[in-house]
Amino acid sequence: MASKRGLSGSGIHRNRGGGCGSRLRIAFFIFFSVLAPLIFFVGRGLYTSTSIDQSNTRVISNKGDLDWREQLALHHVKSLLSKEVIDVITASRADLGPLSLDSFRKNNLSASWKVIGVETMVKNTTTSELQKTETVAKQGAPRDKVDDVSDNSSQFLYTPAKLARRVCVIFLCSIAVSQRLKEKMREKRASDLVRQDNEAILKLENSAIERTKSVDTAVLGKYSIWRKENENENSDATVRLMRDQMIMARVYISIAKMKDKLDLHRELQIRLKESQRALGEATADSDLHHSAPEKIKAMGQVLSKAREPLYDCKLITGKLRAMLQTADEQVRSLKKQSTFLSQLAAKTVPNGIHCLSMRLTIEYYLLPPEKRNFPRSENLENPDLYHYALFSDNVLAASVVVNSTIMNAKDPSKHVFHLVTDKLNFGAMNMWFLLNPPGKATIHVENVDEFKWLNSSYCPVLRQLESAAMKEYYFKANHPTSLSSGSSNLKYRNPKYLSMLNHLRFYLPQVYPKLDKILFLDDDIVVQKDLTGLWSVNLNGKVNGAVETCGESFHRFDKYLNFTNPHIARNFDPNACGWAYGMNIFDLKEWKKRDITGIYHKWQNMNEDRVLWKLGTLPPGLITFYGLTHPLEKSWHVLGLGYNPSGDRSEIENAAVIHYNGNMKPWLEIAMTKYRSYWTKYIKYDHPYLRSCNLNE
């Protein structure tokens with residue numbers, strides 16, 4: 001208003017001054033009233049456009065600063081997160097737009113997560129924005145324009161607190177994404193395992209069935225090794241299948257009870273009892289009941305039905321392991337019982353043989369003295385004949401040895417048998433061979449109790465057997481009534497270890513002083529070929545001719561002798577090969593020259609406390625004849641028919657002598673019937689004495 005008054009006052013004054021002044025005043029008036037507003041608005045427009053351009057430039061610059069800060073933040077986040085998670089976050093931002101803490105809290109955050117202070121932070125931020133808006137509204141227009149520009153640009157500028165919040169949101173989001181990835185991977189892995197489960201189980205079952213068909217039981221023995229049907233290795237495949245089904249049924253029964261599946265539990269028990277009745281005592285398919293195929297089918301159906309709800313690999317593995325451990329304990333217990341019973345049976349005399357011995361003894365002492373002598377007694381000391389030494393208290397066993405030797409001899413008249421028995425069986429042994437003479441061969445029976453030179457002052461074994469310590473060891477060793485403690489020592493309480501007949505083999509030159517060579521035979525052997533060739537074998541200066549029994553590590557010296565003792569370790573090789581007693585050709589001349597009996601006495605005296613070897617005759621024999629044994633061809637003597645059920649049949653049939661060493665003697669009920677026929681064919685079971693004592697084949 002002041003400017004207008006100044007202008008009007010000035011004009012009036014100049015009009016009064018003249019005409020030229022009035023024209024100048026009109027020109028100024030037009031300029032200020034028309035051009036000045038036009039110039040103002042044009043300048044205003046230029047200024048506005050410049051301000052907008054500058055504002056846009058600042059916005060762009062601020063966006064660049066923002067991208068740089070985000071990249072720096074993400075660079076630090078990458079060190080915490082995997083590339084896979086970063087890629088997922090980037091894809092999520094591209095699809096869903098900028099990350100939002102609210103959307104994250106609503107959608108992605110687990111229910112167990114709690115974000116402290118987020119609501120306060122949002123509320124404070126909203127309050128500060130409202131206060132800023134009110135302040136701007138109260139300020140002037142030119143200031144409004146400047147604040148406007150600064151506010152527009154500040155929305156793209158991030159303070160350290162805002163940037164930290166944004167990084168926190170990204171980090172929480174990445175954790176949630178990684179959790180989702182892990183869950184998806186677990187679901188995928190579980191689905192793969194479930195999909196493969198049925199196929200794997202089916203393959204395992206099929207392969208297990210195939211393996212049971214191809215198991216070689218030659219060494220372990222079959223379910224019944226005496227049956228001809230078992231010569232076919234797959235003849236009992238159905239029996240094995242039924243046994244496998246029953247095992248699996250027992251496993252499922254325990255799991256069904258654990259998981260409270262009472263219907264399956266009851267059905268499995270019913271099928272198991274049916275299979276047990278159908279199987280019975282069968283050991284081969286030919287022994288199975290005719291209903292066995294139906295029971296197998298029914299059991300297979302219920303096992304398939306139970307597999308889906310009950311199959312649990314961990315539970316089944318644990319149950320099978322427990323069953324295996326239980327079976328292993330039962331096997332160990334049964335082995336102990338079997339050892340005890342076999343040792344007990346081995347030392348007993350069957351009723352039939354005892355009856356035979358008693359009847360023959362009575363008959364012998366009823367004979368007149370002149371009828372008790374054998375013919376051809378002049379052959380007993382003839383060194384040009386073939387002499388046999390046989391020490392036995394078993395009449396029937398001795399008869400088999402003599403009969404089998406004579407029946408396979410080319411010239412029986414050149415064979416002489418020297419039998420030595422004890423006082424109890426002396427009459428029975430004489431009476432048997434008086435009633436059953438060995439054809440043209442010569443035989444002589446002696447009583448070991450009549451050898452006056454064999455006494456405790458001369459023989460260390462007799463002195464040791466009479467000692468209190470030996471009686472304690474034999475008869476009171478560690479609770480003999482206990483299976484676990486008594487079975488190991490029971491074999492040493494066998495009467496043969498207490499009998500001097502067992503140790504008489506070390507005194508052959510004293511028993512037969514006028515012989516040069518003699519063939520020693522055990523009473524548990526059978527002769528299948530002519531043995532005269534043994535007398536022509538060159539022993540190369542050795543005393544004993546025997547078949548070696550060692551394999552790679554079996555029956556070597558360290559099996560029989562105590563090599564922790566310095567006397568044993570200093571004088572013998574632990575890997576030296578053992579040999580077999582039972583068929584031995586002895587050079588008695590060389591025996592006397594090397595004083596073999598004296599060597600035996602020396603070592604027997606050193607073993608009075610049983611520190612060098614346990615009882616028996618093989619360990620002292622190995623020591624006594626160490627370096628003095630000539631190995632014979634294995635076909636002369638085949639062993640193991642008293643303990644090995646998997647002997648080679650061709651080797652047995654081609655052997656000159658077969659030996660029933662072990663507990664399963666052919667005259668006992670525990671004998672292996674597959675080998676028993678080689679022994680029984682030399683017995684005449686129609687003999688009146690055998691019939692009267694119920695001795696049958």
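Helix H14 is largely enclosed by the rest of the structure, because eight of its ten residues are buried. This is a predicted model, and its chain holds 27 helices and ten strands. Of the 697 residues, 38% count as buried. Among contacts with a separation of 6 or more, 75% join residues 24 or more positions apart.

**Helix H14 and its surroundings**

- The buried residues of H14 are Phe-426, Gly-427, Ala-428, Met-429, Asn-430, Met-431, Trp-432 and Phe-433.
- These buried residues pack against H12, H13, strand S2 (415-421), strand S3 (442-447) and helix H27 (688-692).
- On the H12 side, the contact is made by Leu-356, Ser-357, Leu-360, Thr-361, Glu-363, Tyr-364 and Tyr-365.
- On the H14 side, it is made by Phe-426, Gly-427, Ala-428, Asn-430, Met-431, Trp-432, Leu-434 and Leu-435.
- By residue type, the contact of H12 with H14 divides into ten nonpolar, four polar and one charged.

**Helix H8 and its two partners**

- Two packed helices are described by the angle between their axes and the distance between the axes.
- For H8 (residues 237-258) and H9 (residues 262-279), the angle is about 155 degrees and the axes are 9 Å apart.
- H8 is therefore roughly antiparallel to H9, and the crossing of these two helices is left-handed.
- From H8, the residues that meet H9 are Val-239, Met-242, Arg-243, Met-246, Ala-249, Arg-250, Tyr-252, Ile-253, Ala-256 and Lys-257.
- Their counterparts in H9 are His-265, Leu-268, Gln-269, Leu-272, Ser-275, Gln-276, Ala-278 and Leu-279.
- The residues of this contact of H8 with H9 comprise eleven nonpolar, four polar and three charged.
- H8 also packs with H10 (residues 292-310), at an angle of about 35 degrees and with the axes 10 Å apart; here, too, H8 passes H10 in a left-handed crossing.
- In this second pairing, Thr-238, Leu-241, Met-242, Gln-245, Met-248, Ala-249, Tyr-252, Ile-255 and Ala-256 of H8 meet Ala-292, Ile-296, Met-299, Gly-300, Leu-303, Ala-306, Arg-307 and Leu-310 of H10.
- The contact of H8 with H10 has 13 nonpolar residues, three polar and one charged.
- Met-242, Ala-249, Tyr-252 and Ala-256 of H8 are among the residues that meet H9, and they are also among those that meet H10.

**Nonpolar cores**

- The largest nonpolar core has 62 residues, and those with the most contacts inside it are Leu-356, Leu-419, Leu-519, Leu-531, Leu-534 and Trp-679.
- Helix H13 (residues 395-407) gives the most to this core, with eight residues.
- Leu-356 of this core also takes part in the contact of H12 with H14.
- Leaving aside neighbours within four places in sequence, Leu-519 is in contact with His-387, Tyr-388, Ala-389, Leu-531, Leu-534, Trp-535, Met-583, Asn-584 and Ile-585.
- Another core lies apart from the largest one and has 44 residues, among them Phe-451, Leu-612, Leu-622 and Phe-625.

**A buried arginine**

- Arg-505 lies in the loop between helix H18 (495-498) and helix H19 (508-511).
- With a relative accessible area of 5%, Arg-505 is buried, since the cut-off is under 20%.
- Beyond its neighbours within four places in sequence, Arg-505 is in contact with Phe-391, Phe-520, Asp-522, Tyr-581, Trp-591 and Thr-617.

**Backbone angles to check by eye**

- Most residues other than glycine have a negative phi.
- Asn-540 is not a glycine, yet it has a positive phi of about 55 degrees.
- Asn-540 sits in the loop between strand S5 (525-527) and strand S6 (544-546), and it is exposed, with a relative accessible area of 52%.
- Asp-595 likewise has a positive phi, near 55 degrees, in a residue other than glycine.
- Asp-595 sits in the loop between helix H22 (588-594) and helix H23 (596-606), where it is partly exposed, with a relative accessible area of 46%.

Notes: Residues are numbered from 1 along each chain as its sequence is written. This is a predicted model: local features need pLDDT of at least 70, side-chain atom pairs count only at pLDDT 80 or more; totals for chains, interfaces and linings use all residues. Side-chain values use heavy atoms; hydrogens and water are left out. Contact means heavy atoms within 4.5 Å. Helices (H or I, at least four residues) and strands (E, at least two) are DSSP runs, numbered from the N terminus. Ala, Val, Leu, Ile, Met, Phe, Trp, Tyr, Cys and Pro count as nonpolar, Asp, Glu, Lys and Arg as charged, and the others, Gly among them, as polar. A nonpolar core is a set of buried Ala, Val, Leu, Ile, Met, Phe, Trp, Tyr and Cys residues joined through side-chain atoms within 4.5 Å. Buried means under 20% relative accessible area, exposed over 50%, partly exposed in between (1.4 Å probe, protein chains only). Axes are lines fitted to C-alpha atoms, for helices over the stretch in contact, and angles run from 0 to 180 degrees between N-to-C directions. Angles under 35 degrees count as roughly parallel, over 145 as roughly antiparallel, 65 to 115 as roughly perpendicular and the rest as oblique. A crossing is left-handed if the near helix is turned anticlockwise from the far one by less than a right angle, and right-handed if clockwise.
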